[in-house]
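Reader: I am new to protein models and would like to learn how to read one. Could you show me the structure and take me through its features?

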Amino acid sequence: MRIALIGSADFGKAALEAFLDRGDEIVAVFCPPDNPKSSKPEVLKEAAIAMGLTPLQFASLKSPEAAQAMIDSQADICVMAYVLQFVPQELCKIPKHGTIQYHPSLLPKYRGPSAINWAIALGEEKTGLTIFRPSDGLDEGEVILQKEVIIGPDDTLGKIYFDYLFPIGIKALLEAADLVVAGKHQEIVQDESQANYEGWFDANAAQIHWASHISQIYNLIRACNPAPGAWTKFGEQKVQIYDCHKHVAGTFGAVKGKPGEVTQITLDSFFVTCHGGQIEVLKAKGAAGKVNGAELAKEINLQVGQSFAL
């Protein structure tokens, strides 16, 4: 099979390696332009060069040069794996069997760039991935294949992506490419009545509001671990919280302190009160990098009875 790949980052690299490992021919690799502000090389670009391929980098994939490069590749199918540039339909339709794309949610739910973050933050117990036909809308094309993934009550963004959605997604791209090229696939129009779209899960979305319910705060911290990192403020000091435990208050008598108040500092953690219980902070980041909760408390001179900003 002749594969044209449009992608970036580790997921793009893994897709490239997977198709090559099983004997497919990679006839074009489209990578984003070099970022002059980044000190790190683009992962897919570096991988392509290491494999003797010449990566194609266009400022816009709408350009005639990009279209000509796709024509020249004579690809059977184009595979999109972690694409940050807009890909026009004119380009998608050039390969003999068109283009397929990966998205880490069960479309039409959680369209957008931060699908996993939002699903965890909103307390979903299930997510998944979709291989679909890209359209000029964002994540709106016909569905070819889907795989479900359970979100455990303590799962973080990192676990759901790296343990499940990443490796299963690579296999799903291979499976979908085979089905499409063999003409054995179905294309199902998405049900717009079930659709939702969210934007980037950015720093504003990652702020902890200690007056919220403990489950909301716990889900937020899980959704931001490892990135972008749920954060709060102690005075003027910004603190990002990563690993934590949730301690639910079962009775009125179990309630300690007010929302945002530190009620206990142990040998490796500290406790913060919120509605419905307490968050035990196990790993956090202040000015000196990630440390355990007790080390962070020492770093910022945190004492029992003091409070984080609500």
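Author: Gladly, and let us begin with a contact between charged side chains. The side chains of E192 and R111 meet in a salt bridge, with 2.8 Å from N to O. This pair links distant parts of the chain, 81 residues apart: E192 is in the loop between helix 6 (157-182) and helix 7 (214-223), and R111 is in the loop between strand 5 and helix 5 (115-121).

Reader: What should I know about the model itself before we go on?

Author: This is a predicted model, where local features need pLDDT of at least 70 and side-chain atom pairs count only at pLDDT 80 or more, while totals for chains, interfaces and linings use all residues. Residues are numbered from 1 along each chain as its sequence is written, and side-chain values use heavy atoms, with hydrogens and water left out.

Reader: What counts as a salt bridge, and what are helices and strands here?

Author: A salt bridge is a side-chain nitrogen of Lys or Arg within 4 Å of a carboxyl oxygen of Asp or Glu. Helices (H or I, at least four residues) and strands (E, at least two) are DSSP runs, numbered from the N terminus.

Reader: How many salt bridges does a search of the whole structure find?

Author: The search finds 12 salt bridges. One of them joins the side chains of K45 and D34, at 2.9 Å from N to O. Another salt bridge is formed by the side chains of E148 and K126, at 3.4 Å from N to O. Because E148 lies in strand 7 (residues 143-150) and K126 in strand 6 (residues 126-132), that pair ties together parts that are 22 residues apart in sequence. There is also a network: salt bridges that share partners join R22, D24 and D178.

Reader: How do I tell whether a residue is buried or exposed?

Author: Look at the relative accessible area: buried means under 20%, exposed over 50%, and partly exposed in between (1.4 Å probe, protein chains only). R111 counts as buried at 7% relative accessibility, and K45 counts as buried at 15%. D34 is partly exposed, with a relative accessible area of 47%, and K126 counts as partly exposed at 40%. E148, with 54%, is exposed.

Reader: Which residues of helix 7 are buried?

Author: They are I214, I217, Y218, N219, L220, I221, R222 and A223. That is eight of its 10 residues, and helix 7 is mostly covered.

Reader: And how many residues of strand 4 are buried?

Author: In strand 4 (residues 77-81), five of its five residues are buried. I77, V79 and A81 point one way from the strand, and C78 and M80 the other way.

Reader: How do strands pair?

Author: Two strands pair if DSSP finds at least two bridges between them. Strand 4 pairs with strand 1 (residues 2-7) in the parallel sense over five bridges, and A81 in strand 4 is the bridge partner of G7. Strand 4 also runs parallel to strand 5 (residues 99-103), joined by three bridges; there M80 has Q101 as its bridge partner.

Reader: Where can I look for antiparallel pairing?

Author: Look at the open sheet of four strands in the order 8-9-14-15, where the pairing is antiparallel. Strand 8 (230-234) and strand 15 (289-292) stand at the edges, each with a single partner strand, so one side of each is left without a neighbour in the sheet. Within the sheet, strand 9 (residues 237-241) and strand 14 (residues 283-286) pair over two bridges, and I241 stands opposite A284 in strand 14.

Reader: What is a pocket?

Author: On a 1 Å grid over the protein atoms alone, a pocket is an open set of points where a 1.4 Å probe fits, with protein on both sides within 12 Å along at least five of seven lines; lining residues have an atom within 4 Å of a point. The largest pocket is lined by 48 residues, and Y82, V83, L84, P113 and W200 lie nearest its centre. Helix 6 gives the most to this lining, with five residues.
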